[in-house]
Amino acid sequence: MSDDDMGSRAAASPTTRPMGESGHAAASPRVGIFPPLDLLEQGPETARAFLARVADAGIDHICCGDHVSFFVGAGFDGLVQATALAMLNPTLPIYSGVYLLPLRHPVLVARQLADIDRLAPGRLIFGVGVGGEDRHEISVCGVDPATRGLRMNECLTVVRELLTGKAVTFHGKFFDLVEAIIAPAPATATPIIIGGRSDVAIRRAGRLGDGWLGVWNSPRRFAAAVEMAAQEAARVGRPDPPARHAMQVWCGLADSKEAARACLAPAMQAFYQIPFERFERYCPYGTADDVAEFLAPYAAAGCTEFNLIPQSPDHNRAIAGAAAVKRLLARA
């Protein structure tokens, strides 16, 4: 996975905990999960029942990814998924992790975001990234892969301004707008979380995001990224640094490490088409205690949300395991 590729609001305020090693005030992190890849294709009743179990378990949000034409043409538009998931459950927040924003026109995306907020007010967390594994996916959308970062900067600027409901005039390298308006604007600001492992992505989060979404990194790197984002925010004069930092984590949840690895390794190898050993040090597996123990240092480093991609013997155990991880992290 490349440096810039990855793929809620809790009902109650997080519980304050002691300061972590990085010096950040640690709090009980929110925990969300990705559903099975084919959940929405199983029909509305099956999907509705799955989401109800997630909500009843106390999990904070449901996640969805985004691809247009991934390798062999695979994909599922992230905002279409987010809308469907929101309509199938009345309360669960939806976290896009991540939407490939530079492949789209920012005015059209702002329209979609405003419309989702009309249908599910305050329930979308908009995680974005530039993509990276499949450069052909980017080029078939008419985008030069070398320009993704610069396009992302312009897209984020335009989307943020349009979501205020004010008329936007913008003259950039890729987009040229005069008096563009999206109405009605969301009643509350849609959180925009910027994904990517590179320093460039982290600084982008400091300038233009409400937080940073990491993947495939150590707790030490996570703590450094939180500081880097804060420094960049200060450099550009933001009054408050972004604070909604998250980690996307593949994990195996079962009764033993052996059983959990047996679920996790083949799933990841099938998805990424490379050996599991390339990912293993970043992917916890075992019981809920094992996974929570692995994640606790990230929470101490400033992670406020975990987006789990759980692999288990069955869906019910994946949900129960993720909920148990959340409870254990709250007590850590």
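Reader: How many helices and strands are there in the protein chain?

Author: Helices (H or I, at least four residues) and strands (E, at least two) are DSSP runs, numbered from the N terminus. In this predicted model, the protein chain has ten helices and 15 strands. Its radius of gyration is 19 Å, close to the 20 Å that the globule rule gives for 332 residues, so the chain is as compact as a globular protein of that length. The radius is taken over C-alpha atoms, and the globule rule is 2.2 Å times the number of residues to the power 0.38. Along the principal axes, the C-alpha atoms fill a box of roughly 60 × 45 × 35 Å.

Reader: What should I know about the numbering and the limits of the model?

Author: Residues are numbered from 1 along each chain as its sequence is written. The model is predicted, with local features needing pLDDT of at least 70 and side-chain atom pairs counting only at pLDDT 80 or more, while totals for chains, interfaces and linings use all residues; side-chain values use heavy atoms, and hydrogens and water are left out.

Reader: What percentage of the residues of the protein chain count as buried?

Author: Buried means under 20% relative accessible area, exposed over 50%, and partly exposed in between (1.4 Å probe, protein chains only). By that rule, 54% of the 332 residues count as buried. The accessible surface of the protein chain comes to about 13,900 Å², and 55% of it belongs to carbon and sulfur atoms. Such areas come from the Shrake-Rupley method with a 1.4 Å probe; for residues, only the protein chains shown count as cover.

Reader: Which residues have the most contacts inside the largest nonpolar core?

Author: In soluble globular proteins, nonpolar side chains tend to be buried together. A nonpolar core is a set of buried Ala, Val, Leu, Ile, Met, Phe, Trp, Tyr and Cys residues joined through side-chain atoms within 4.5 Å. The largest one here has 75 residues, and Phe306 and Leu308 have the most contacts inside it. A second, separate core has 27 residues, including Val98, Ile138, Val215 and Cys283.

Reader: Which residues does Phe306 touch?

Author: Contact means heavy atoms within 4.5 Å. Leaving out residues up to four places away in sequence, Phe306 touches residues that include Pro29, His61, Met247, Tyr298 and Leu329.

Reader: Where are the residues joined by a cis peptide bond?

Author: Look at the omega angle. Gly97 and Val98 are joined by a cis peptide bond with omega about 0 degrees, and Val98 is in strand E7, residues 94–100. Another cis peptide bond joins Ala183 and Pro184, with omega about -5 degrees. Pro184 sits in the loop between strand E10 (176–180) and strand E11 (192–195).

Reader: What is phi of Phe71, and what is phi of Gln273?

Author: Phi of Phe71 is near 50 degrees, a positive value in a residue other than glycine. Phe71 is in the loop between strand E5 (67–70) and strand E6 (74–76). For Gln273, also a residue other than glycine, phi is positive and near 60 degrees. Gln273 is in the loop between helix H8 (257–272) and strand E14 (285–286), and at 64% relative accessibility it counts as exposed.

Reader: Is Asp134 buried or exposed?

Author: Asp134 counts as buried, at 7% relative accessibility. Its place is the loop between strand E8 (124–129) and helix H4 (135–139). Asp134 and Phe71 are 63 residues apart in sequence, but their C-alpha atoms are 6.1 Å apart in space. Leaving aside residues up to four places away in sequence, Asp134 touches Ser69, Phe70 and Phe71.

Reader: What does Ser69 touch?

Author: With residues up to four places away in sequence not counted, Ser69 touches Ala74, Asp134, Glu137 and Val140. Ser69 lies in strand E5 and is buried, with a relative accessible area of 18%.

Reader: Where are Glu232 and Glu280?

Author: Glu232 is in helix H7, residues 219–235, and counts as buried at 7% relative accessibility. Beyond its neighbours within four places in sequence, Glu232 is in contact with Arg203, Gly206 and Arg207. Glu280 lies in the loop between H8 and E14 and is partly exposed, with a relative accessible area of 22%. Again leaving aside neighbours within four places in sequence, Glu280 is in contact with Arg261 and Tyr285.
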